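Please read the report below alongside the sequence and the 3D view.

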Amino acid sequence: MALNYNLAKVYAISENDTDFVLQIVSLFVSEVPSDLQFVKEGIEEKNYKQAYSFAHKIKPTLDLLGMTVAFEEILVVEDWTKREGKRKEIKDTFKDLEDRVEKAVKEIRKDFSL
């Protein structure tokens, strides 16, 4: 049983198409970690537009994979970019988000032998 993600929505929209599910999780593993690095870079450089752009790109995937807490954290990141907040305000939230994505990636790689 998956601890860091939930594929219920993916199975529902795909009508239990395992090939589609495999494509979704493969894309998650290959794209989200690198996109998250762009968010991190945007935060570090106070490039709010970059951080928002990549956070916004990641958001639907986190929702689709049932990563509710990570989804809420990415919303906090988006809000932070809109307010053009201070880095220390978002540092812990981003660290938690990064940790959740990393755990999900490891679990998906193991579960799907990627």
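The model is predicted: local features need pLDDT of at least 70, side-chain atom pairs count only at pLDDT 80 or more, and totals for chains, interfaces and linings use all residues. Residues are numbered from 1 along each chain as its sequence is written, and side-chain values use heavy atoms, with hydrogens and water left out.

**Pocket**

Rolling a probe the size of a water molecule over the atoms shows where empty space is left. A pocket here is an open set of points on a 1 Å grid over the protein atoms alone, where a 1.4 Å probe fits, with protein on both sides within 12 Å along at least five of seven lines. Lining residues have an atom within 4 Å of a point. The largest pocket has a volume of about 180 Å³, a volume being the space filled by probe spheres set on the points. Its lining consists of Lys40, Ile43, Glu44, Arg87, Ile90, Lys91, Phe94, Lys95 and Glu98. Helix 2 (18-44) and helix 5 (87-112) each give at least two of the lining residues. Helices are DSSP runs (H or I, at least four residues), numbered from the N terminus. Helix 5 supplies the largest share, six residues. By type, the lining has three nonpolar residues, no polar ones and six charged ones. Nonpolar covers Ala, Val, Leu, Ile, Met, Phe, Trp, Tyr, Cys and Pro; charged covers Asp, Glu, Lys and Arg; the others, Gly among them, are polar.

**Aromatic pairs**

How many aromatic pairs does a search of the whole structure find? It finds two. Rings of Phe, Tyr and Trp (its six-membered ring) pair if their centres lie within 6.5 Å; planes under 30 degrees apart count as stacked, over 60 as edge-to-face and the rest as tilted.

| Pair | Centre distance | Plane angle | Type |
|---|---|---|---|
| Phenylalanine 38 and phenylalanine 54 | 4.6 Å | 20° | stacked |
| Tyrosine 48 and tryptophan 80 | 5.0 Å | 55° | tilted |

Phenylalanine 38 sits in helix 2 and phenylalanine 54 in helix 3 (residues 48-64), 16 residues apart. Tyrosine 48 lies in helix 3 and tryptophan 80 in helix 4, so this pair ties together parts 32 residues apart in sequence.

Buried means under 20% relative accessible area, exposed over 50%, partly exposed in between (1.4 Å probe, protein chains only). Phenylalanine 38 is partly exposed at 36%. Tyrosine 48 is buried at 14%. Tryptophan 80 is buried at 0%.

**Threonine 81**

Threonine 81 belongs to helix 4 (residues 68-83). Is threonine 81 buried or exposed? It is buried, because its relative accessible area is 4%. A polar atom of its side chain lies 2.6 Å from the backbone oxygen of glutamate 78. Contact means heavy atoms within 4.5 Å. Beyond its neighbours within four places in sequence, threonine 81 contacts Tyr48, Ala51 and Tyr52.

**Positive phi**

Most residues other than glycine have a negative phi. Glutamate 15, not a glycine, has a positive phi of about 55°. It lies in the loop between helix 1 (8-14) and helix 2, and is exposed at 74% relative accessibility. Lysine 46, also not a glycine, has a positive phi of about 55°. Lysine 46 lies in the loop between helix 2 and helix 3, and is partly exposed at 38%.

**Aspartate 63**

Aspartate 63 is in helix 3 and partly exposed at 32% relative accessibility. Not counting residues up to four places away in sequence, aspartate 63 touches Lys9 and Phe71. Its C-alpha atom is 18 Å from that of lysine 106, 43 residues apart along the chain.

Note on methods. A polar contact is a pair of N or O atoms within 3.5 Å; within protein, one must be able to donate a hydrogen and the other to accept it, and residues adjacent in sequence count only if both atoms are side-chain atoms.
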